[in-house]
Amino acid sequence: MAPVDQAALKKKTAVSRSWILLDQKGQSTILDVDKYVIMRRVQIHARDLRILDPMLSYPSTILGRDKVIVLNLEHIKAIITSEEVLLRDPLDDNVIPIVEQLQRRLAPDNPTSQGQGEEEEHPGVRNDFETGEENEFPFEFRALEVALEAICSFLDARTRELETDTYPALDELTSKISSRNLDRVRKLKSAMTRLTNRVQKVRDELEQLLDDDDDMADLYLSRKLAVPSSPVSGSGAPIWFLNSPTIGSKLSRTSAATTQEENDVDELEMLLEAYFMQIDGTLNKLATLREYIDDTEDYINIQLDNHRNQLIQLELFLSSGTVCLSVYSLVAAIFGMNIPYTWKTEHGFVFKWVVIVTGIVCASLFSIIIFYARHKGLVGS
């Protein structure tokens with residue numbers, strides 16, 4: 001038994017240490033390192049890295065730090081920099097499609113071979129500016145877009161699967177109320193509640209980002225790195241800048257744009273709004289499904305109330321009949337007493353009149369009870 005526990009522990013540890021590194025070319029590298037290596041590599045605090053721990057339960061979070069974006073969206077646990085993406089648990093079934101998307105989307109469309117010597121000496125400049133010209137968004141936004149698209153599509157797919165299972169189950173429950181159907185709907189409703197909470201957390205995180213321009217500005221990693229690397233005077237310019245007019249012009253344009261649009265977050269805002277609308281649509285689907293479940297529950301309760309009223313009506317009829325029979329029992333008990341009566345002899349017709357009068361009294365009593373019940377709405381007309 002001990003070797004099995006150790007094997008499971010080793011497997012759990014191996015999964016928690018597994019990362020995949022994707023660079024700007026879309027090339028991937030599997031890393032099997034501990035958290036301290038990751039912290040030194042991307043210069044991140046332990047409290048931020050703890051958010052990505054699969055053994056801990058943290059809500060969906062998108063954090064912008066000085067040089068990284070910490071991304072925790074369900075099974076997507078990633079660290080995004082301006083040059084690379086670190087994704088946790090790359091062998092997970094839900095993460096493998098995301099890795100493939102990152103490899104495809106992060107790869108440059110038209111790689112060029114010009115300026116290889118300068119690019120090899122100064123890869124940071126190539127990453128910040130040449131890649132920026134080849135792609136509409138900076139590297140970190142392209143990686144963030146892949147993650148948002150993956151999580152929105154994943155949650156929407158789970159919602160469609162839940163709808164496919166829930167609507168037929170509700171229709172079956174409406175046609176036939178049984179313990180099996182009730183238990184099936186109960187499980188589906190529990191699954192819907194859990195999925196709604198997951199979707200709500202992602203939506204709230206996107207909404208919180210959209211409401212705060214400062215938080216969105218923190219996600220512009222390339223812009224923050226371009227500010228200190230941009231030369232402000234001839235004396236402070238590095239040697240490679242003076243010898244490379246092409247790169248120098250790029251730096252000049254980027255520095256000016258960064259100065260003028262330091263707080264401009266329109267690009268990121270449009271990106272987040274697109275996926276906010278998508279996740280909000282998923283949440284609306286779940287809200288519609290919940291309303292359908294609530295309507296079905298109301299219909300079931302109405303049916304149960306109707307059956308309960310029928311049982312109450314039957315019970316009332318039986319009680320009324322019992323009261324009427326008790327009158328007959330009372331009369332029989334009176335006449336059954338061992339008391340001498342003068343009309344017992346030569347008055348045989350009395351029995352007939354006693355039975356007739358008792359029957360009339362019982363019928364009148366039964367009618368009065370039913371009339372009173374209908375007047376109070378206890379039974380149908």
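## Model and confidence

This is a predicted model, in which local features need pLDDT of at least 70, side-chain atom pairs count only at pLDDT 80 or more, and totals for chains, interfaces and linings use all residues. Residues are numbered from 1 along each chain as its sequence is written, and side-chain values use heavy atoms, leaving out hydrogens and water.

pLDDT is the predictor's confidence in each residue, from 0 to 100. The protein chain has a mean pLDDT of 77. In that chain, 73% of residues reach 70 or more. Residues 1-15 stay under 50. The model gives that stretch three contacts (heavy atoms within 4.5 Å) beyond four places in sequence. Residues 256-260 also have pLDDT below 50. Their stretch has three contacts in the model beyond near neighbours in sequence.

## Leu271

Leu271 sits in helix H13, which spans residues 266-335. Helices here are DSSP runs of H or I, at least four residues, numbered from the N terminus. Leu271 counts as buried because its relative accessibility is 5%. Buried means under 20% relative accessible area, with exposed over 50% and partly exposed in between (1.4 Å probe, protein chains only).

Which residues does Leu271 touch, not counting those up to four places away in sequence? They are Phe141 and Glu145. Phe137 lies 134 residues from Leu271 in sequence, yet their C-alpha atoms are 9.8 Å apart.

## Cysteines

A disulfide is a covalent bond between the sulfur atoms of two cysteines. The search criterion is a pair of cysteine sulfur atoms within 2.5 Å. Across the whole structure, zero disulfides are found.

Cys152 has 0% relative accessibility, so Cys152 counts as buried. Cys362, at 5%, counts as buried too.

Key. Helices (H or I, at least four residues) and strands (E, at least two) are DSSP runs, numbered from the N terminus.
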